[in-house]
Structure formats: C-alpha cells, structure tokens
Amino acid sequence: MRTLLPRLAILAVTAAATFVAGAQDNVRLPDLGSSANALISPREAEQYGAMMLRQMHALDMTLDDALLDQYINDLGFRLVAASERPKDHFTFFIVKDTQINAFAAPGGYVGVNAGLINITQTESELAGVMAHEIGHINQNHLYRAFEDSKKNAPLMALVLLGAIAAGAGGGGDAAPAVLMGGQGLLMQRQINFTRKDEAEADRVGIQTLGNAGFNPDAMADFFGRMQDTLRVGQGEESLPALLQTHPVTLTRISEAKARARTLEEKLANRPAQPTIDKANWEKSTAPVLYVKDPTTLVTAGGKVVPGSAADTYSLMRERVRVLSGDAQQLATYYATNLKRKDFDTAANRYGYALALIRTNHGNQAVEQLQPLLNSQPNSLALRLTMADAYVDAGRNGDAMAIYKSLHANSPRNKAVILGYAKALAGTGRSDDARTAAAMMRPLLDDSDDPEFFRTYGLASERSGDSVRAAEAYADSAYLAGRPFDAMEQLKRLLKRDDLDYYQRSRIQSRISDLTPLLLELRKKRVATDDNPDGRSQLHQPL
C-alpha cells in the first residue's frame, strides 16, 4: 500500500471548498480574485479524492470487483492518454447506484454509476461520458465552480467528506437522506457548472474521444438518447440524474454533432493514419499507440464471428448489472429471456452464469460458460468466471488449473492474482497460503483495494505469519474508510513482545503516518464509521 497520507486535512462544513475546488497541475486560468490554488494544492486535491473513495468503500457505495476495476481504469487511461493533459493523476471507479450519472471529484477521481453503464449501448457511449468528466477536470471547472459558490453561498456546498461521514455516522436511513439517494454526495447541483463549462467539457471530451479511437458522435448520441426520456408533464424529479447535473438542449446536441463531424474529417485526413471505418468504430483508430484490452473476445481461430461473440465491453456491462443488482431476480430475468433468439447472446449468457454463481448454482454456471469458452478460449473474463464457477461447484482442482495457467501468462494481473490467492488460501494448507501471500506481496505497494489487503492478511495468517496478517488487516481497515480501527489494530500489534526490529519499525512507521489524519478528524469533529465521537458535532457550525 502507498504510504499513509500524513497531511490529509479532513474538513467539515466550513471547508466546502475542498470538494469543489479540486484541480490539477499546470493551472491555465486567469486570476479570479482569490487564490483557489492557495486553498488546495493538486497534491491535497488528490488526498481529498482518495479520502472520498475510502469513505465510499466504508458505506458500501462502490462496486468493488477486481475485473471491473481493471476494465474501467483501462478504459479511463486510454482516454487520459489521448487527452490534453495525459500526465495528470486520475482514478476511475464504479458507484453501486442504479441512477444514471457520472461525476468528477477532486484530484482526478471519476465515478461512473452502475446505472449509467447498464444503459449504454456501445463502449464509445460509455467512453463519451467519461471523456466529458475528464474534460471538466482538465479544464479546471471545479476551481471555477468553487469561485461561484463561494461568492453566492459559502455554506451551500456541504463538503463531500462531511456528507459521506454524516451518512456513515448516522446509520440506517441517514446515508440515503444526506447523500440524496447516492448522488447528493456529488453536490453537482451546488457546483452548478455553467453552460460555457459544459460546452467546453463537450469540446475537449469529443476531441479526447476521437483521439482515443472511439466514435466522436457517441457523446452526442448518448445525451440525445437521454433527452428522449423526457416526456410532457414530467417534473425535474423524473429526470435521470445525469440530465439534472448535465443539462442537455437541442442546441448543445447539435453543436456536439458538429464538433464530431469536424473531428471525424480531421482524423480521416490525417497523414499516415488509418482511414476511419464507421462500421468498425470500436476498433482503435487512435493517433496514439494503444494496445486493445487483452480480455477482448476472439474465436479459436483468432477472429470474431459476427453475432456469435461479445466484446469485453458487453461482458463487463452485464457483470456490472449482476454485481450491482438482485442476483436471484436477474437469474430469473436471464433464464426467461434467453428463450428469445434476439436475446440469446454471449454477453447475456455470461450475465446468466454470473447470476447463477451468485445464487450458488455453480454447476449450472459451468454449463452456461463452457460453450462460450469453447468458441472464445482466450477470454480472460470468461476464464476467470469459469474458475469462480468451478469453486462454487466444489471443483477446486479445475479452478486451480485455470488460475495457474492465467497466472503463468499474466503474473502481475491483479484480478488473476486475487482470484488465485483466494482459492489457494481457501484450501486449508499452509503451503498454499504461503504461495498466495508471496504472489500478492509484490503488488501491495501499487494497490489501494481493501479486499486485496484482506486476502493478503488471510493468506499470511494461514501461512503462520501473524504479524504480516495483522498489518494487512490494519491496512485494509484504513483503505475501507476506518482509520481509527486501523490505528487500534496497529497499537495492539505494537504491544507484542515477539516483534523483531524490522517488524517494529514497519508498524511504528504506519502509526506515524496515520496519527496526523486522526488528529485532524478529531479536531474537526468529523464522524467516520469507526469514530462515533464526531457524530454529535458534525452538523454544528464551526
């Protein structure tokens, strides 16, 4: 895990600026009369964004799945690489919310709701929404929005961290009430991007979209489809959240389409670039080098048979649907509709298999997956899901064979390692647990996933390394938004009299890193899931 953030200042109501003023390096804005950069540096913005994500983990608001996390970040960084500022920090994640929305937060954190992913029809549409949010960050719109909100109503922007902490501290219905159905946390209504900001995010987003090899028309097409959901007599509360936070007009859609056509012509006429083929938009025509995601599905002969295979996007869309929904209802939904020829696709059968696994019908899931794997044997997504199905069916030997093969080909793939390590740690044999821990250890410094550290802790514990296990469990608690719990675990661990010099030094270093954060939380009376002392003071003026 990365070093704990010693300077994280967690602010409550009076620090609303820390949410809406996230920014990146190389600020290109004119002087707006007060220095937003002095209020929050790019490094601090990244720290606030990281804290936001940890609090969302604590409230179970994120869709934590290694394969989906890998997919959404691969897609996001493909766009970032083609953007105006490819070196800026970004983190992409999926929000476990069925509302149709996406948002940008301080430090380059971009959240995409499960509901939005579910209703997209192509990967270009999904990429278009993400490119728009990247555009807001690239153009420093959060800074501008802060300046406006500060002038008009300093207290109207309840800080993101305070809102999440309120939900965590209150329990029960508090989180939905404070977070306004999962989207209030974004405070996008309070941010209130101007029409100019929206047009600018469209412009740079469409440029990024085309540069990354996606259909430049996809953004306008998607927003247009969202606008079609409007009906005469519907109130604002009936709108998709995306349209409430990103108002769409016919003029805006027309302008977006015009920009797309201009970019299309520019890319098509670019010397030494592939000619754009509208029938194959999902294939990369990017002017930047990009290796297509290795989970792309192909047949045994290396070709995709039209109508017989799904691309990675289609599989991941169904994975989001199943992991964010009611598995039992979805199993019935897939089983019923797969009788229709037009519904019987590889992606829908994959979704059915996932729903079966989640409802503990592993053998049936294997039956659904086997024909797909027979025609698409190189699919990482299908092979990992088959391994999960084998585990659920009690066929551990078959699962291990898949994990071992995948790990040999992709020794640093986190989704593969996490699945393999869980299976090894679950055998009950200390040698297997030791292998799992050794496999995971090189990736710890690059991971901010609580589940990754929980699994490493379990593997270490079952291999007999109780100190490493305790450290990992503390790291997992911290990343899951429970910093006070993490500190208590570390303090208990430090009291052991069997620690050697290196173990004691590691633990003391963690405690030193965590201490300033906890002091700031207590000072500001911010409640967290493991800090009830801050609850009563959270909403009082400071």
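**The second largest pocket and its helices**

A: In this predicted model, the second largest pocket has a lining of 33 residues, and those lying nearest its centre are Asp 65, Arg 319, Asp 388, Lys 422 and Glu 451. Two or more lining residues come from each of the helices α4 (66–81), α15 (312–323), α17 (346–358), α19 (380–392), α20 (396–409), α21 (414–425) and α23 (450–463). The space within this pocket is about 870 Å³, and its lining divides by class into 16 nonpolar, 11 charged and 6 polar residues.

The axes of α15 and α19 are 11 Å apart, and the two helices pack at an angle of about 35°. On the α15 side the contact is formed by Leu 315, Met 316 and Arg 319, and on the α19 side by Ala 381, Leu 382, Thr 385 and Asp 388. By class, this contact of α15 with α19 holds 4 nonpolar, 1 polar and 2 charged residues. Arg 319 and Asp 388, which belong to this contact, are also among the residues that lie nearest the centre of the pocket.

The other pair is α20 and α21, whose axes lie 10 Å apart and which pack at an angle of about 140°; α20 is therefore oblique to α21. The crossing in which α20 passes α21 is left-handed. From α20, the residues Met 400, Tyr 403, Lys 404, Leu 406 and His 407 meet Val 416, Ile 417, Gly 419, Tyr 420, Ala 423 and Leu 424 from α21. Counted by class, the contact between α20 and α21 has 8 nonpolar residues, 2 polar residues and 1 charged residue.

A further helix pair, α6 (residues 123–138) and α11 (residues 195–211), can be set beside these, with axes that come within 7 Å and cross at roughly 125°, so α6 and α11 are oblique to each other. Their crossing is right-handed. In α6, the residues Ser 124, Ala 127, Gly 128, Ala 131, His 132, Gly 135 and His 136 meet a set in α11 made up of Asp 197, Glu 198, Ala 201, Asp 202, Val 204, Gly 205, Thr 208 and Leu 209. By class, the contact of α6 with α11 has 7 polar, 5 nonpolar and 3 charged residues.

How values were computed:
Residues are numbered from 1 along each chain as its sequence is written. This is a predicted model: local features need pLDDT of at least 70, side-chain atom pairs count only at pLDDT 80 or more; totals for chains, interfaces and linings use all residues. Side-chain values use heavy atoms; hydrogens and water are left out. On a 1 Å grid over the protein atoms alone, a cavity is a set of points where a 1.4 Å probe fits but cannot get out, and a pocket is an open set with protein on both sides within 12 Å along at least five of seven lines; lining residues have an atom within 4 Å of a point. Grid points are joined across faces, edges and corners, and a volume is the space filled by probe spheres set on the points. Helices (H or I, at least four residues) and strands (E, at least two) are DSSP runs, numbered from the N terminus. Ala, Val, Leu, Ile, Met, Phe, Trp, Tyr, Cys and Pro count as nonpolar, Asp, Glu, Lys and Arg as charged, and the others, Gly among them, as polar. Axes are lines fitted to C-alpha atoms, for helices over the stretch in contact, and angles run from 0 to 180 degrees between N-to-C directions. Angles under 35 degrees count as roughly parallel, over 145 as roughly antiparallel, 65 to 115 as roughly perpendicular and the rest as oblique. A crossing is left-handed if the near helix is turned anticlockwise from the far one by less than a right angle, and right-handed if clockwise. Contact means heavy atoms within 4.5 Å.
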